[in-house]
Amino acid sequence: MPVAVGPYGQTQPNCFDRVKMGFMMGFAVGMAAGAMFGTFSCLRIGMRGRELMGGVGKTMMQSGGTFGTFMAIGMGIRC
């Protein structure tokens, strides 16, 4: 498929840029979901203070990385 060139010389992003963008979007969505679920689960088991922040942060990073990886794979398949 030919690459479309805009009026100011812009080109479409290449496959690596699309995969990278998919990972960033998935990471952001996963972080948001991890914040909600992590806060709920840590509060439910009785965490407070520094322990709560560590637990929520860990959950956010794990869910962000997982969802970002799957979004990157999905964007790579579409290339």
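Which side chain does lysine 20 meet in a salt bridge? Select lysine 20 and aspartate 17: their side chains meet in a salt bridge at 3.8 Å, N to O. A salt bridge here is a side-chain nitrogen of Lys or Arg within 4 Å of a carboxyl oxygen of Asp or Glu. The structure holds one salt bridge.

This is a predicted model, in which local features need pLDDT of at least 70, side-chain atom pairs count only at pLDDT 80 or more, and totals for chains, interfaces and linings use all residues. Residues are numbered from 1 along each chain as its sequence is written, and side-chain values use heavy atoms, with hydrogens and water left out.

**The whole chain**

**Helix 1**

Select residues 15-44, the 30 residues of helix 1. At 1.5 Å a residue, helix 1 should span 44 Å, and its end C-alpha atoms are 42 Å apart, which agrees. The expected span is 1.5 Å times one less than the number of residues.

Return to lysine 20 and aspartate 17, which both lie in helix 1, three residues apart, about one turn of the helix. An α-helix has 3.6 residues a turn, so residues three or four places apart point the same way. Lysine 20 counts as partly exposed at 41% relative accessibility, as does aspartate 17 at 33%. Buried means under 20% relative accessible area, exposed over 50%, and partly exposed in between (1.4 Å probe, protein chains only).

**The buried residues**

Next, select Gly22, Gly26, Gly30, Gly34, Gly38 and Cys42, the buried residues of helix 1. What covers them includes helix 2, residues 49-78. Of the 79 residues of the protein, 18% count as buried.

**Last stops**

Select methionine 25, which is in helix 1. At 40% relative accessibility, methionine 25 counts as partly exposed.

Finish at glycine 46, which follows helix 1 and has a positive phi, near 95°.

Methods. Helix = DSSP H or I, 4+ residues; strand = E, 2+ residues; numbered from the N terminus. Contact = heavy atoms within 4.5 Å.
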